[in-house]
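Visitor: I'd like to learn how to read a protein model. Could you walk me through this one?

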Amino acid sequence: MNTAPQPLTARVVTRWSVAGLVLLVPTVVVAWIAVLSTGRGSRCLTYGDQCSTVPGEALYGCFWGALAAGVLALVWPRAQWTRARAGVVLLQWGAQITLGALILSGA
């Protein structure tokens, strides 16, 4: 029985990148729905009171950073530097998770 870790393949990296790109907009939408369903979020939406202190630039930066990293990982030549592509995909997912957390921190 061989239990040695399998090498990282280009196909796996591509799948994770595509999954991140597909889930980017739903992550944002679900996070905003969760925020706006709270009392504080609805008060911010209705009266402009008790709104989040997270700067919009941070949200936009995380969104565009995740999108750019995902696209970069997809257009990167698949046979070259698979570990570097995997690092870009990790950056993509990190920016996407950070974006969701920043939106949810405004709840």
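This is a predicted model: local features need pLDDT of at least 70, side-chain atom pairs count only at pLDDT 80 or more; totals for chains, interfaces and linings use all residues.

Visitor: Is Trp 93 buried, partly exposed or exposed?

Guide: We go by relative accessible area: under 20% is buried, over 50% is exposed, and partly exposed is in between. Trp 93 comes out at 21%, so it counts as partly exposed.

Visitor: Which residues does Trp 93 touch, leaving out those up to four places away in sequence?

Guide: Its contacts are Trp 16, Ala 19, Gly 20 and Leu 23. Sequence distance and spatial distance are separate things to check: Trp 93 and Ala 66 are 27 residues apart in sequence, yet their C-alphas are 6.8 Å apart.

Visitor: Where does helix H1 bend?

Guide: H1 covers residues 10-36, and it bends by about 40 degrees at Leu 23. A proline, Pro 26, follows within four residues. From first C-alpha to last, H1 still reaches 39 Å, close to the 39 Å expected.

Visitor: What do the buried residues of H1 pack against?

Guide: They pack against helices H2, H3 and H4. Among those buried residues are Val 13, Gly 20, Leu 24 and Val 35.

Visitor: How much space lies in the largest pocket, and what lines it?

Guide: That pocket holds about 220 Å³. It is lined by 16 residues, with Trp 32, Val 35, Cys 44, Cys 51 and Ser 52 closest to its centre. The lining divides into 10 nonpolar, 5 polar and 1 charged. H2 supplies the largest share, 4 residues, while H1, H2, H3 and H4 each give at least two.

Key: Residues are numbered from 1 along each chain as its sequence is written. Side-chain values use heavy atoms; hydrogens and water are left out. The expected span of a helix is 1.5 Å times one less than its number of residues. The bend at a residue is the angle between axes fitted to the seven residues ending there and the seven starting there. Buried means under 20% relative accessible area, exposed over 50%, partly exposed in between (1.4 Å probe, protein chains only). Contact means heavy atoms within 4.5 Å. On a 1 Å grid over the protein atoms alone, a cavity is a set of points where a 1.4 Å probe fits but cannot get out, and a pocket is an open set with protein on both sides within 12 Å along at least five of seven lines; lining residues have an atom within 4 Å of a point. Grid points are joined across faces, edges and corners, and a volume is the space filled by probe spheres set on the points. Ala, Val, Leu, Ile, Met, Phe, Trp, Tyr, Cys and Pro count as nonpolar, Asp, Glu, Lys and Arg as charged, and the others, Gly among them, as polar.
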